[in-house]
Amino acid sequence: MKKQEILELVSYTFQTLLVTYLVLILLEELKKGFVSNYFNSNYLLIIVIILGIITVLFYKEEKKFTLEDQITKKDYILIALLSIAGIIIIFIKTKNLGFLRYIISIITGILIFLLSLLVLQEDEKEETEWV
């Protein structure tokens, strides 16, 4: 295997394990003991950190920008759904705060939405500069 192929494999493994780790943490937060009774997620976190460091330091992905990669209605819908999911998660996790939980949840959803839009618009600006 070439060095680039190994780095692509490491990058893909990092992405997969990171999503797995985040799902396990979410499941553990929603139901205590669901994951921790069977598996210590700290071991997975160590592997994710090591693979993440390797990916950041050595893997360089070639980006090919095209005009087809513009923001669509589907992107806005996905951002809105993720913002709503963030609102729900924060609302559930802050149940002891009373009325303040509503404010924190709404502000979190707005931040998720605006930051996601900002990232998409920055990507679009980079694409137009390259084409």
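**Figure 1. A nonpolar surface patch that includes Leu100.** In this predicted model, Leu97, Phe99, Leu100, Tyr102, Ile103, Ile107, Leu111, Leu115 and Leu118 form a nonpolar patch on the surface. Together these residues have about 890 Å² of accessible area, computed by the Shrake-Rupley method with a 1.4 Å probe, where for residues only the protein chains shown count as cover. Patch members have over 30% relative accessible area and no salt bridge, and nonpolar side chains (Val, Leu, Ile, Met, Phe, Trp, Tyr) are joined within 5 Å; a salt bridge is a side-chain nitrogen of Lys or Arg within 4 Å of a carboxyl oxygen of Asp or Glu. Leu100 belongs to helix α4 (residues 100–130). Leu100 counts as partly exposed because its relative accessibility is 42% (buried is under 20% relative accessible area, exposed over 50%, and partly exposed in between, with a 1.4 Å probe and protein chains only).

**Figure 2. The largest nonpolar core.** Eight residues make up this core: Val10, Phe14, Tyr21, Leu24, Val35, Leu44, Val48 and Leu51. Such a core is a set of buried Ala, Val, Leu, Ile, Met, Phe, Trp, Tyr and Cys residues joined through side-chain atoms within 4.5 Å. Helices α1 (3–30) and α2 (41–58) each supply at least two of its residues, and α1 gives the most, with four. Beyond its neighbours within four places in sequence, Tyr21 is in contact (heavy atoms within 4.5 Å) with Ser41, Leu44, Leu45 and Val48.

**Figure 3. Surroundings of Ser83.** Ser83 lies in helix α3 (residues 73–93). Its relative accessible area is 5%, so Ser83 is buried. When residues up to four places away in sequence are not counted, Ser83 touches Gly109, Ile112 and Phe113. A polar atom of the Ser83 side chain lies 3.3 Å from the backbone nitrogen of Phe113.

**Figure 4. The protein chain as a whole.** The chain has four helices and zero strands, in the order α-α-α-α along the sequence; helices (H or I, at least four residues) and strands (E, at least two) are DSSP runs numbered from the N terminus. Of the 131 residues, 19% are buried. The chain exposes about 10,400 Å², of which carbon and sulfur atoms supply 68%. Among contacts between residues at least 6 apart in sequence, 69% join residues at least 24 apart.

Residues are numbered from 1 along each chain as its sequence is written, and side-chain values use heavy atoms, with hydrogens and water left out. Local features need pLDDT of at least 70 and side-chain atom pairs count only at pLDDT 80 or more, whereas totals for chains, interfaces and linings use all residues.

Note on methods:
Patches are made of residues with over 30% relative accessible area and no salt bridge: like charges are joined within 9 Å, nonpolar side chains (Val, Leu, Ile, Met, Phe, Trp, Tyr) within 5 Å. A polar contact is a pair of N or O atoms within 3.5 Å; within protein, one must be able to donate a hydrogen and the other to accept it, and residues adjacent in sequence count only if both atoms are side-chain atoms.
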